[in-house]
Amino acid sequence: MKIYVGFALLILIPIAMSLENFTPDGIPMNSDILQQRETNEEINEVENLSESNESNSTYWYNIALELEDEEAIEAYDRAISLNESYKDAWYKKAYVLWTMGYKNETKYDEAIDAYFKVIKLDPNNVSSLNHNAYLLKLRGRFNESLDLLNASLKIDPQNGATWHAKADVLTGLEAINAYDKAIELGNDPNEQYAYAGKFMVLMELGDTNEANETLKSMIDVNPLDWSKWDYAERLQEKYVGKT
């Protein structure tokens, strides 16, 4: 009897040990097979994630940020095709088209259309209003440019850069008044060119003395900025014929 019990135990031990290498579905697994299964599962997860990303507008927007020119436009278009109201994608697309316009002016027109899309989605977007006004002026569409600048000033009447841009579209005394407003506000990052714009309009009106006083005022803002002295001298040489 003891012999039979011992024999039975000898049989059961290897069986129990072999069961440790079986999965619930009865497939024997060793470490290599387990590792391969884990790798396959990771690959499937990555593939599924990739498929999910490609149907996500934000995925294509982020891709576009790393690209340039036509490749960037293509990626922004993919993002927009998935979300027609993706304002940031329209805005970035407009900017890329603007930069492409330096080599191909027809791209300016595409940029204008893209900025108009942003404005439609966000009528209070001052940046898009101003950028599009500049491009419209560049393309000779002055009335449309002025309309956008007036809309921008209704939103932010204390924006010196917008007053400066409006002055660049206007002529005569209206332009001078707009330049004065930009200078008065003191928050135009391109203030130097507001003074220069006012100087040129005054010269066109034949008011040489006031034009020269304008250049002096530009220098007085920061007398140690020698670039302004140089700029004033070049303007005088061009429009007055003397230093």
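Predicted model: local features only at pLDDT ≥ 70, side-chain atom pairs only at ≥ 80, totals over all residues.
## Overall fold

Residues are numbered from 1 along each chain as its sequence is written, and side-chain values use heavy atoms, with hydrogens and water left out.

Of the 243 residues in the protein, 35% are buried; buried means under 20% relative accessible area, exposed over 50%, and partly exposed in between (1.4 Å probe, protein chains only). Among contacts with a separation of 6 or more, 43% join residues 24 or more positions apart, a contact being heavy atoms within 4.5 Å.

## Aromatic pairs

Let's turn to the rings. The structure holds nine aromatic pairs. Rings of Phe, Tyr and Trp (its six-membered ring) pair if their centres lie within 6.5 Å; planes under 30 degrees apart count as stacked, over 60 as edge-to-face and the rest as tilted. One of the pairs is tyrosine 59 with tryptophan 60, edge-to-face at 5.2 Å centre to centre with 80 degrees between the planes. Tyrosine 59 is partly exposed at 27% relative accessible area, whereas tryptophan 60 is buried at 14%. Phenylalanine 199 and tyrosine 239 also pair edge-to-face, with 5.8 Å centre to centre and 85 degrees between the planes. Because phenylalanine 199 lies in helix α11 (residues 191-204) and tyrosine 239 in helix α13 (residues 226-239), this pair ties together parts that are 40 residues apart in sequence. Phenylalanine 199 is buried, with a relative accessible area of 0%, while tyrosine 239 is partly exposed at 31%.

Ring pairs also link Tyr91, Trp98, Tyr115 and Tyr134 into a cluster.

The largest pocket holds about 320 Å³ of space. On a 1 Å grid over the protein atoms alone, a pocket is an open set of points where a 1.4 Å probe fits, with protein on both sides within 12 Å along at least five of seven lines; lining residues have an atom within 4 Å of a point. Grid points are joined across faces, edges and corners, and a volume is the space filled by probe spheres set on the points. Of its 16 lining residues, Tyr134, Ala161, Ala165, Asp168 and Asn190 lie nearest the centre of the largest pocket. Helices α7 (126-138), α8 (142-155) and α9 (160-169) each supply at least two residues of this lining.

The second largest pocket has a volume of about 220 Å³. It is lined by 13 residues, with Asp168, Tyr179, Gly197, Met200 and Val201 closest to its centre. The elements giving two or more residues here are α9, α10 (172-185) and α11, and α11 gives the most, with six.

## A backbone detail

Finally, aspartate 69 has a phi near 50 degrees, a positive value in a residue other than glycine. Aspartate 69 lies in helix α4 (residues 69-82) and is partly exposed, with a relative accessible area of 40%.

Key:
Helix = DSSP H or I, 4+ residues; strand = E, 2+ residues; numbered from the N terminus.
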